[in-house]
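Let us read this structure together, one feature at a time. Keep the sequence and the 3D view open.

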Amino acid sequence: MSGIFMIRHGQASFGRQNYDQLSDLGRRQAQILGDYLARLGLNFSAAYSGTMNRQQETAQLVLSRFPEARPPLNITPELDEYDSWTVMKAFLPGLIEDDPGLAEARDRMYDDPRSFQKVFEPAMLRWISGRHEVPGLETWRRFTGRVVGLITAIIREQGPGRTIAVFTSGGPISAVMQMALEISDQVTLRLNWGIRNASVSVFKYNEKQVFLSSYNSTAHLEQQGDPAFLTYR
């Protein structure tokens with residue numbers, strides 16, 4: 001049975017002016033992952049990445065560990081993460097109107113991860129509900145649809161017996177989880193929040209279905225013996 005290795009990017013630059021770049025730790029995470037996958041003897045038949053810098057840089061660092069069998073990297077926007085900042089900004093006024101206590105978390109969310117999560121979670125849940133669409137903002141349904149559409153196209157294009165690397169973010173990985181497990185939107189979103197940086201989720205597929213084989217593996221980082229390598233943002 002064929003396999004798709006969905007890899008979340010390494011740690012990005014949370015709290016920096018340009019979030020969409022790997023931190024020093026994120027680059028090291030990607031290098032460790034590349035070395036680990038190479039030791040497993042994997043030979044990727046094809047590789048795909050979203051257009052975001054953190055996704056492409058992770059892909060390049062991982063694939064650099066395969067100098068003799070490095071497939072070309074296909075860049076596609078369908079693997080890009082949803083725009084969480086725009087979603088939060090769109091839904092924050094309504095959330096604060098319903099719960100004025102969130103105003104303090106809003107003011108601190110750029111500097112404090114806990115405050116960020118306090119406003120991030122309800123904004124995302126409001127977004128996926130589909131009851132509060134904002135003109136010009138990608139809907140949850142369109143987001144998951146573009147990811148599933150691409151994965152379906154990759155399977156059709158690559159065919160059986162292939163080992164495929166997909167470098168992306170937590171949102172697209174959770175969308176494929178939903179595709180494989182037929183879980184609810186709410187469960188899908190919550191699974192996304194638990195996906196670690198530079199983790200690997202493996203999906204098997206045939207001509208009819210996609211199956212989950214392993215989820216959110218960070219064995220390569222845990223082997224380093226340093227909890228600092230295990231990050232979510």
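Q: How do I read a pair of packed helices, and at what angle do the axes of helix α1 and helix α2 cross?

A: Two packed helices are described by the angle between their axes and the distance between the axes. Here the axes of α1 (residues 24-39) and α2 (residues 53-63) cross at roughly 40° and come within 7 Å. This is a predicted model, where local features need pLDDT of at least 70, side-chain atom pairs count only at pLDDT 80 or more, and totals for chains, interfaces and linings use all residues. Residues are numbered from 1 along each chain as its sequence is written, and side-chain values use heavy atoms, with hydrogens and water left out.

Q: Which word describes α1 relative to α2?

A: The angle makes α1 oblique to α2. (Under 35 degrees counts as roughly parallel, over 145 as roughly antiparallel, 65 to 115 as roughly perpendicular, and the rest as oblique.) The crossing of α1 and α2 is right-handed. (Right-handed means the near helix is turned clockwise from the far one by less than a right angle.)

Q: Which residues make the contact of α1 with α2?

A: Contact means heavy atoms within 4.5 Å. From α1 come R27, A30, Q31, L33, G34 and L37. From α2 come E57, T58, L61 and V62. By class, 5 are nonpolar, 3 polar and 2 charged. (Ala, Val, Leu, Ile, Met, Phe, Trp, Tyr, Cys and Pro count as nonpolar, Asp, Glu, Lys and Arg as charged, and the others, Gly among them, as polar.)

Q: At what angle do α3 and α5 pack?

A: The angle is about 95°, with the axes 8 Å apart. That makes α3 roughly perpendicular to α5. In α3, the residues that meet α5 include W85, M88, F91 and L95. On the α5 side, F116, F120, M124 and W127 are among them. The contact of α3 with α5 divides into 13 nonpolar, 2 polar and 2 charged residues.

Q: How far apart are the axes of α6 and α7?

A: The axes of α6 (residues 140-158) and α7 (residues 170-181) are 9 Å apart, at an angle of about 75°. So α6 is roughly perpendicular to α7. The contact includes F143, V147 and I151 of α6, and P172, V176 and M179 of α7. It has 8 nonpolar residues, 4 polar and no charged.

Q: How do I read a pocket, and how much space lies in the largest pocket?

A: On a 1 Å grid over the protein atoms alone, a pocket is an open set of points with protein on both sides within 12 Å along at least five of seven lines, and lining residues have an atom within 4 Å of a point. The largest pocket holds about 520 Å³ of space. It is lined by 23 residues, and R8, Y19, S84, F120 and R233 lie nearest its centre. α5 gives the most to this lining, with 3 residues. The lining of the largest pocket divides into 11 nonpolar, 7 polar and 5 charged.

Q: What volume does the largest cavity have?

A: A cavity is a set of points where a 1.4 Å probe fits but cannot get out. The largest cavity has a volume of about 60 Å³. Its lining includes F91, W127, H132 and W140.

Technical notes. Axes fitted to C-alpha atoms, helices over the stretch in contact; angles between N-to-C directions. Helix = DSSP H or I, 4+ residues; strand = E, 2+ residues; numbered from the N terminus. Points joined across faces, edges and corners; volume = space filled by probe spheres on them.
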